[in-house]
Amino acid sequence: MGAFQRVPKTSVLGHMLIVAMMSYFCAIETGACGKRIYNDFFCGLFHDLPEVLTRDIVSPVKTSVEGLDEIIKAYEKMQFEERILPLLPSSIRDEIIYFIQDEFSNRIRREIRSAKTSRAVEMKGYNEDRFSPVDGEMIRVCDKLAAFIEASLSIRHGIRSYHLEHGKEAHLQRIQR
């Protein structure tokens with residue numbers, strides 16, 4: 001991580017746990033059904049799982065070159081499929097893929113196929129276990145809020161850089177939208 005070291009020290013795994021806990025509490029607060037709470041927690045927990053393979057490439061680096069983010073995502077997907085997926089018991093592979101595929105899209109399962117929905121409002125009619133709903137947009141907000149908190153804590157601990165300050169402000173703006 002070099003120049004982008006954060007204090008207090010954080011990791012991709014730690015960030016994923018924070019997002020999972022925030023997603024869990026948000027799901028409970030909104031009156032989500034049991035499967036939705038479960039899905040939101042585990043989608044939050046695994047949302048950056050492919051990033052574990054490439055380490056934590058900070059957002060300013062990913063966005064510094066147009067198209068780089070898509071290249072990194074494609075590489076992470078390929079590495080996940082080659083290195084992690086074969087290690088998982090076959091009984092949970094589909095569920096893990098459901099958790100990480102399109103991690104920030106609201107979605108439900110209809111029969112065997114998954115369907116994306118575009119707005120949180122559309123999710124209200126699917127608050128039943130049989131739909132296996134995921135609040136991807138809410139998980140995205142939890143992800144941005146966690147990143148904002150992590151950047152704020154680093155700054156509060158005296159770590160100052162243009163990228164950290166800019167990242168904090170960018171996350172704050174995204175959260176407020």
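Colleague: Which charged end sits over the ring of Tyr98, 3.9 Å from its centre?

Modeller: That of Arg109. The charged end of Arg107 also sits over the Tyr98 ring, 5.2 Å from its centre. The criterion is NZ of Lys or CZ of Arg within 6 Å of the ring centre and within 35 degrees of the ring normal.

Colleague: What are the ground rules here?

Modeller: This is a predicted model: local features need pLDDT of at least 70, side-chain atom pairs count only at pLDDT 80 or more, and totals for chains, interfaces and linings use all residues. Residues are numbered from 1 along each chain as its sequence is written, and side-chain values use heavy atoms, with hydrogens and water left out.

Colleague: How many aromatic pairs does a search of the whole structure find?

Modeller: It finds 9. Rings of Phe, Tyr and Trp (its six-membered ring) pair if their centres lie within 6.5 Å; planes under 30 degrees apart are stacked, over 60 edge-to-face, the rest tilted. Tyr38 and Phe42 make a tilted pair, 4.8 Å centre to centre with 55° between the planes.

Colleague: Where do Tyr38 and Phe42 lie in helix α2?

Modeller: They are 4 residues apart in α2 (residues 34-46), so about one helical turn separates them. Helices here are DSSP runs (H or I, at least four residues), strands likewise (E, at least two), numbered from the N terminus.

Colleague: Which residues do ring pairs link into a cluster?

Modeller: Tyr24, Phe25, Tyr38, Phe41, Phe42, Phe46 and Phe99.

Colleague: Switching to the largest nonpolar core. Which members touch the most others?

Modeller: Phe46, Leu49, Phe80, Ile96, Phe99, Ile100 and Ile139, out of 21 residues. At least two core residues come from each of α1, α2, α5 (68-84), α6 (90-100) and α8 (136-156). A core is a set of buried Ala, Val, Leu, Ile, Met, Phe, Trp, Tyr and Cys residues joined through side-chain atoms within 4.5 Å.

Colleague: And Ser105, buried or exposed?

Modeller: Ser105 counts as buried because its relative accessibility is 15%. Buried means under 20% relative accessible area, exposed over 50%, partly exposed in between (1.4 Å probe, protein chains only).

Colleague: Where is the place of Ser105?

Modeller: In the loop between α6 and β1 (106-110). The Ser105 side chain reaches the backbone oxygen of Asp102 at 2.9 Å. Leaving aside neighbours within four places in sequence, Ser105 is in contact (heavy atoms within 4.5 Å) with Lys116, Val134 and Gly136.

Note on methods:
A polar contact is a pair of N or O atoms within 3.5 Å; within protein, one must be able to donate a hydrogen and the other to accept it, and residues adjacent in sequence count only if both atoms are side-chain atoms.
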